[in-house]
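Hi everyone, thanks for coming.

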Amino acid sequence: MFPVEEIDVSPVYHLPIVKAFAERIDLVKTINLLVPSNMKVDPGTIVLAMVLDTLSGRHPLYHINHFYDGKDIELLLGQPLDCGQLNDDNCGRVLELLFGTGTMSIFSAIIMNVLRNFKVPAHHAHCDTTSLKVYGEYEPSDPDRPVNLKIVKGYSKDHRPDLNQIVLSLLCIGGNVPILAKVEDGNASDKKINNALLTDISQHLAKMGITPAATIHISDSALVSEENLRKAGNTTLFISRFPATYR
């Protein structure tokens with residue numbers, strides 16, 4: 001009789017598919033190029049590890065190493081790491097490095113890779129905002145790095161006016177591919193956000209290789225104000241609706 005060997009099995013589900021898409025958009029290489037580091041595990045690989053974890057249900061960072069325990073890490077991350085290296089300390093260091101580099105610049109570089117590798121239609125640009133409620137008190141912990149974002153009460157779109165909040169503005173093309181995201185003050189006005197976006201959208205689309213004149217800007221009624229319409233002029237094509245309070 002042949003000896004019976006025990007086989008450990010750990011399902012990976014959809015993760016190899018996500019890894020393949022990450023390779024196609026050069027996620028790891030792009031982050032490593034923009035975020036220099038002397039860490040033993042490069043920032044791009046740590047980010048990929050967090051992405052895969054997030055798309056599997058999102059464990060707390062102090063449990064992320066448990067998520068990879070027993071899994072084929074070389075298959076998922078491209079190198080044979082010990083799951084102990086995927087700990088919350090390393091994740092925290094990488095998040096600090098991303099913040100120091102500038103998350104929007106990293107995001108833009110990755111989106112450029114997406115647009116180069118996938119045929120994303122750019123005829124329509126959709127813009128909208130949402131409010132994200134928060135709990136507790138938020139104060140800058142480092143006086144040398146003041147936080148300019150105001151986490152305050154505002155118009156709550158998730159029906160919690162009793163809580164402080166921030167506002168997230170998002171610009172998408174191709175229906176649901178984000179190319180610009182920005183965190184705003186909790187009491188930021190949608191009309192002012194649209195006003196700022198009208199200033200930046202042409203430059204941002206041109207930077208992405210998209211002809212602004214060939215793109216229709218789609219937004220809700222917050223776009224329709226006298227100042228915004230004046231700024232849009234005759235060169236910005238847009239679709240919106242009149243607000244109920246419009247006179």
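Predicted model: local features only at pLDDT ≥ 70, side-chain atom pairs only at ≥ 80, totals over all residues.

Residues are numbered from 1 along each chain as its sequence is written, and side-chain values use heavy atoms, with hydrogens and water left out.

Okay, strands. Strands pair if DSSP finds at least two bridges between them. Take β2, residues 165-173. On one side, nine bridges join β2 to β1, residues 124-133, and the two run antiparallel. One example is Thr 129, whose bridge partner in β2 is Ser 169. β2 also pairs with β3, residues 177-184, again in the antiparallel sense, over seven bridges. There, Ile 173 stands opposite Val 177 of β3. β2 and β3 form a hairpin with three residues between them, and Gly 174 in that turn has a positive phi of about 60°.

So how enclosed is β2 by the rest of the structure? Largely, because seven of its nine residues are buried. By buried I mean under 20% relative accessible area; exposed is over 50%, and partly exposed is in between, using a 1.4 Å probe and protein chains only.

Now helix α7, residues 103-117. Among the buried residues of α7 are Ile 106, Ile 110 and Leu 115.

What does α7 meet? Helix α2, residues 27-34: the two axes come within 10 Å and cross at roughly 145°. Axes here are lines fitted to C-alpha atoms, for helices over the stretch in contact, with angles from 0 to 180 degrees between N-to-C directions. On the α2 side, the contact (heavy atoms within 4.5 Å) is made by Leu 27, Thr 30, Ile 31 and Leu 34. From α7 come Ser 105, Ile 106, Ala 109, Ile 110 and Asn 113.

On to single residues. His 217 sits in strand β4, residues 216-218, and counts as buried because its relative accessibility is 3%. Beyond its neighbours within four places in sequence, His 217 touches residues including Cys 127, Leu 171 and Phe 238. Ile 64 belongs to helix α4, residues 64-68, and is buried too, at 0% relative accessibility. With neighbours within four places again set aside, the contacts of Ile 64 are Ala 49, Met 50, Asp 53, Leu 86, Asn 87 and Cys 91.

Most residues other than glycine have a negative phi. Tyr 13, though not a glycine, has a positive phi of about 50°. Tyr 13 lies in the segment before α1 and is exposed, at 68% relative accessible area. Arg 58 also has a positive phi, of about 60°, without being a glycine. You'll find Arg 58 in the loop between α3 and α4, where Arg 58 counts as exposed at 64% relative accessibility.

That's my tour, thanks!

Notes
Helix = DSSP H or I, 4+ residues; strand = E, 2+ residues; numbered from the N terminus. Expected span 1.5 Å × (residues − 1).
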